[in-house]
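Colleague: I have a few minutes before my next call, and I'd like to go through this one with you. Could you put it up on the screen?

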Amino acid sequence: MYRFHTISSFHRIGLWLTVFLVLASPAWSDDAVSEISAGDTAWLLTATSLVLMMTAPGLALFYGGLVSQRNVLATLMFSFFCMCLIGVQWVLWGYSLAFGDDIGGIIGNLKHFAFMGVGPEASGSIPALVFAMFQGAFAIITVALISGCFVERISFPAFVLFSVLWSTLVYDPLAHWVWSSDGWLFQLGTLDFAGGTVVHISSGVSALVACLIIGRRLGYPRMVVPPHSLPLTVVGAALLWIGWFGFNAGSSLAANGIAAVAFATTNTAAAVAGLTWAFLEWILRGKPTMLGAATGVVAGLVGITPGAGFVSVPSSLAIGFTTAVFCYIGVNVLKNKFGYDDSLDVFGVHGIGGTWGALATGIFCSAAVNSAAADGLIYGNPAQLGKQLIGVLAGYALAVVGTFVILNVVKLITPLRVTPDEEVSGLDLALHGEVAYNFLAPGMSQIARTEEN
Amino acid sequence: MNKIEAIIRPHKLEDLRAALEEIGITGMTVTEVRGFGRQKGHHELYRGREYSVNFLPKIKVEIAVKADMTEQVIDTIRATVNTGQVGDGKIFVFAMSDAVRIRTGERAEEAL
C-alpha cells in the first residue's frame, strides 16, 4: 500500500509477452492532486542514499570479507557493478516495467522508458523522481544479494548477463505484482511493507537455484578456505544494519508515524535476532561468534522487512527471535544436509528469513498499528496468512522458473564458470587482473608497460 | 634420515597433506614462499599501468623422513602435485645428520 503509485491503468492486455511490444501510451497524468512535502522529500532522499549505501559499501564488504583473499575484489565487484549496471537498467526500462501502466496485473508498460514522464512533479507527497530513485535502490540491492551464492567461481560475463536479465524478468515483474497498485498480489491484499517477498524471497530462492545450476566450488566442502577478513564483513553488516532504516522506515514513503513504527520494529528485530543467534551458538557450539552475531542481525533485518510498518514493537521481538532460529537452522543444518554450495548463505538468510517474515506478517500485522494493513492471525484474521502464503508461493515460482530459464540461456552464450585453473588462482587475478593485498618486496614486480608506450 | 623440501603449487597443499598422511607421514612444516623457475610470472593492471610480477606464490613443504621412506615420499609428492604444466615445482632432498625432539631430548630417528 505504501508503494501505491498514482498512475491510473488504461491497459489491461493479458499476455505478458506483449510487454516489449507496447509503446508509450498517452502522456502521464497524475490524477491525485497532491503537494510535495519538504519533510517527506528530505527523508526519502536520505532513505534512498541509505539504501544505496547498503549495496556499496555495505553488502560489498559483508560478502567481500567472507571469501578468500584471492576473490575479494571479484566479490566486491558484484555489488559495486550492480550499482552501475542496475543503476542504468532501472532508468532505462526497469522502473517502467515495475511501475509503468499496468498490463494484466503482471507487468508495467514501457511508457517511462528512460524515465520519460518521470519528473519533479508530486507522486504522493514526494517528487516522482524521488519515488523512482528510491525504488531503484531496492532493485540494485536485490540483484547484488544473489551474488553471494556463486562467489569464487562464476565468470564475469555470465554474472553481467544474468544480472540484467534477472532484474528485468524476475525483479521488475515481481515488484509490479506486489507494489504497483494494479499488481495482482497488491490487488489480492498481500502485504509486503519493504520487500520481504520482492527483495528477500526473490533473491534468496534465486540464489538457491543459481548455486545448484552453477555448481559447487572446487573442493567444496572439504577444501574451501575460511573467510579472509571478518572485520570487513562486520563493517559491512553494520552498514547494512544502519542502511536498513532507510530501507524499512523509508518504505513509509513519508516522514510520519509509520516510518517511526518501521524504524523501531527494524532495530528491535535486528537486535533480538543478533542476541538469539549468538546465544544459540553459545549453547550449541560453546562460543558466541562475531560472524554469528552479524549474521543474526542481518537475518532479523530480513525477517522484519515485510512487516516493519504493519506490526507492533512487541511483535517485532517475536519476529526477530523466530527468524533467527529458522535462519540458524537453514545455515547450519539444511545446507550441510543437502550439500549445496550457497556459498554466503543467501538462501539460508534471505530466502528463509524472507519466507518466514512474509508469513509472520500475516500472523502479527495489525490494523491498529497501521490503518493501511489488515489484521493478522493473532488478531482473529487467519485469511491474511493465506494471502501472505499466496504471495510467498508466487515469489518462489517466479524466482525458480525465472532463474532456471535465464541461467540456461546465459549458458548458451557464455560459460557460467571460470576454468578450474582460474578458480584455483583466484578470480581477482584471472578476471580482473588485480590483486587485493599486495605485499611484494621491492624488486618482485616491475612496470612492464604503460598506456603511453 | 633425509630432509625433503618440495616447492609446490599453492592449491595442491591440501591434497598433498592428505596423501602424505595416508603413507604414514605424521608431521611437516609449510611456508608460503615466492620464487620463479621456468614458469612465467603474471601481469596485474592498475589504472592502465601493467605490472609484471615475476615471483610467483608457491608453497614450500619440509618433511624429515627415515632414509628408507625417501623414495616413497618423493613418489607420493610427484603423483599428487603433478599437473604436467610448467610451474609444478621441484623436490630437493638433503641428507640429515641429526634430529632432536625438544620436549623429550630424543635423537635421530626416534625424534621423527
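Colleague: Where does A:Glu152 sit?

Modeller: In this predicted model, A:Glu152 is placed in the loop that lies between helix H3 (128-146) and helix H4 (156-179) of chain A. Its phi is positive, at about 70°, although the residue is not a glycine.

Colleague: And is A:Glu152 buried or exposed?

Modeller: A:Glu152 is buried, because 24 other C-beta atoms lie within 10 Å, and the cut-off for that class is 20 or more.

Colleague: What about A:Leu253, what is phi there?

Modeller: Phi of A:Leu253 is near 60°, which is again a positive value in a residue other than glycine. A:Leu253 belongs to the loop between H7 and helix H8 (257-285) of chain A, and it counts as buried, with 25 C-beta neighbours inside 10 Å.

Colleague: Switching to peptide bonds, which kind is the one from A:Tyr220 to A:Pro221, cis or trans?

Modeller: That bond is cis, with omega near 0°, and A:Pro221 is found in the loop between helix H6 (196-214) and helix H7 (230-249) of chain A. The bond from A:Ala56 to A:Pro57 is cis as well, with omega near 10°, but A:Pro57 is located in helix H1 (residues 38-64) of chain A.

Colleague: Now chain B, what is the strand order in the open sheet of 4 strands?

Modeller: The order is S2-S5-S1-S6 (chain B), and the pairing is antiparallel. Strand S2 (29-35) and strand S6 (90-95) of chain B are at the edges with a single partner strand each, so one side of each has no neighbour in the sheet. On average, and with direction ignored, neighbouring strands are turned by 25° against each other.

Colleague: How many bridges are there between S1 and S6(B)?

Modeller: Strand S1 (residues 2-8) of chain B pairs with S6(B) over 6 bridges in the antiparallel sense, and within S6(B) the bridge partner of B:Asn2 is B:Ala95.

Colleague: Which strands does helix H2 of chain B lie across?

Modeller: Helix H2 (residues 70-81) of chain B lies across S1, strand S5 (56-65) and S6 of chain B, and it runs at about 5° to S1(B).

Colleague: Last topic, how many residues of chain A are in contact with chain B?

Modeller: There are 15 residues of chain A in contact with 15 residues of chain B. On the chain A side, the largest share, 6 residues, comes from strand S5 (residues 445-450), and by class that side has 8 nonpolar, 4 polar and 3 charged residues.

Note on methods:
Residues are numbered from 1 along each chain as its sequence is written. Chains are lettered from A and ligands numbered from 1 in the order in which they are written. This is a predicted model: local features need pLDDT of at least 70, side-chain atom pairs count only at pLDDT 80 or more; totals for chains, interfaces and linings use all residues. Two residues are in contact if their C-beta atoms, placed from the backbone, lie within 7 Å. Helices (H or I, at least four residues) and strands (E, at least two) are DSSP runs, numbered from the N terminus. Ala, Val, Leu, Ile, Met, Phe, Trp, Tyr, Cys and Pro count as nonpolar, Asp, Glu, Lys and Arg as charged, and the others, Gly among them, as polar. Two strands pair if DSSP finds at least two bridges between them. Axes are lines fitted to C-alpha atoms, for helices over the stretch in contact, and angles run from 0 to 180 degrees between N-to-C directions. A residue is buried if 20 or more other C-beta atoms lie within 10 Å of its own, exposed if 12 or fewer, and partly exposed in between; C-beta atoms are placed from the backbone.
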